[in-house]
Amino acid sequence: MVYILSIETATTNCSVSLSVNGRTILLKEDYDKNYSHAERLHVYIDDILKETNVNRKKLNAIAISKGPGSYTGLRIGVSAAKGLCYALDLPLISIPTLESLSHQVKEQNGIIVPMLDARRQEVYSAVFDTQHCQIRDTQAQIIDHDAFGKYLKEDKVYFIGNGVEKTMTHINHPNAVFIKGKLPSANDMGALAYNKFKINEFENVAYFEPYYLKDFIAIKPKL
């Protein structure tokens, strides 16, 4: 059996799962609107291993949500994943955050657009078909009334992620379906990570960095 511990910290959802042969057996996550990764991530990891009676030595790999997403959240998740890989001599598997999020949409026909808030009028987005094959690369794009117009002309478009609320204020089309209240979750990572594990698609632990997509910009606090 292949045990993979998956870590998702790209948004405010601090999420950890344990999967066996790609099937999630336990998930712990927190949809708090505030970032709680620094306080809860390692607690969730310890709790999952204790509650499943899985010793850390039984783990076969660590999977990390690679981004895009919150700069600080991604750094915390990747640092934790690397620490586990070094300590336990385990391979590191990276899962594109938007690909994982797209798997929350279970439809037979249409187009899936997972999107994460990138502040101001931007979102991080990608485009997938309903078999979850990517048909447009990941972009940081400004949302306006014409966004995703060519896809909306073709078929139903399912928008999902915390960029949805922003998008709803600009797009008014009969083919647009907005799925609110959903965030990336480690629950969707196990099967993707298992597929990569089977073909030895691992990251270089020493050099792996999150996929930020945009440079980090520090904002000065108001005095």
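For these notes I call a residue buried under 20% relative accessible area, exposed over 50% and partly exposed in between, using a 1.4 Å probe and protein chains only. This is a predicted model, so I keep local features to pLDDT of at least 70 and side-chain atom pairs to pLDDT 80 or more, while totals for chains, interfaces and linings use all residues. Residues are numbered from 1 along each chain as its sequence is written, and side-chain values use heavy atoms, with hydrogens and water left out.

**Ile111.** I looked up Ile111 and found it buried, at a relative accessible area of 7%. Ile111 sits in strand E6, residues 111–117 (helices, H or I, have at least four residues and strands, E, at least two; both are DSSP runs numbered from the N terminus). Leaving out residues up to four places away in sequence, Ile111 touches Val127, Phe128, Thr130, Tyr151, Glu154, Lys156, Val157 and Tyr158; contact means heavy atoms within 4.5 Å.

**Helix H2.** Among the buried residues of H2 I noted Gly73, Leu74, Val78 and Lys82. Their cover includes E1 (3–8), H1 (37–52), E4 (61–65) and E5 (92–95). Just after H2, Asp89 has a positive phi of about 55°.

**Helix H6.** In H6 (residues 190–198) I found Gly190, Leu192, Ala193, Tyr194, Lys196 and Phe197 buried. The buried residues of H6 pack against E1, E2 (14–20), E4, E5 and H3 (97–102). Asn200 follows H6 with a positive phi, near 55°.
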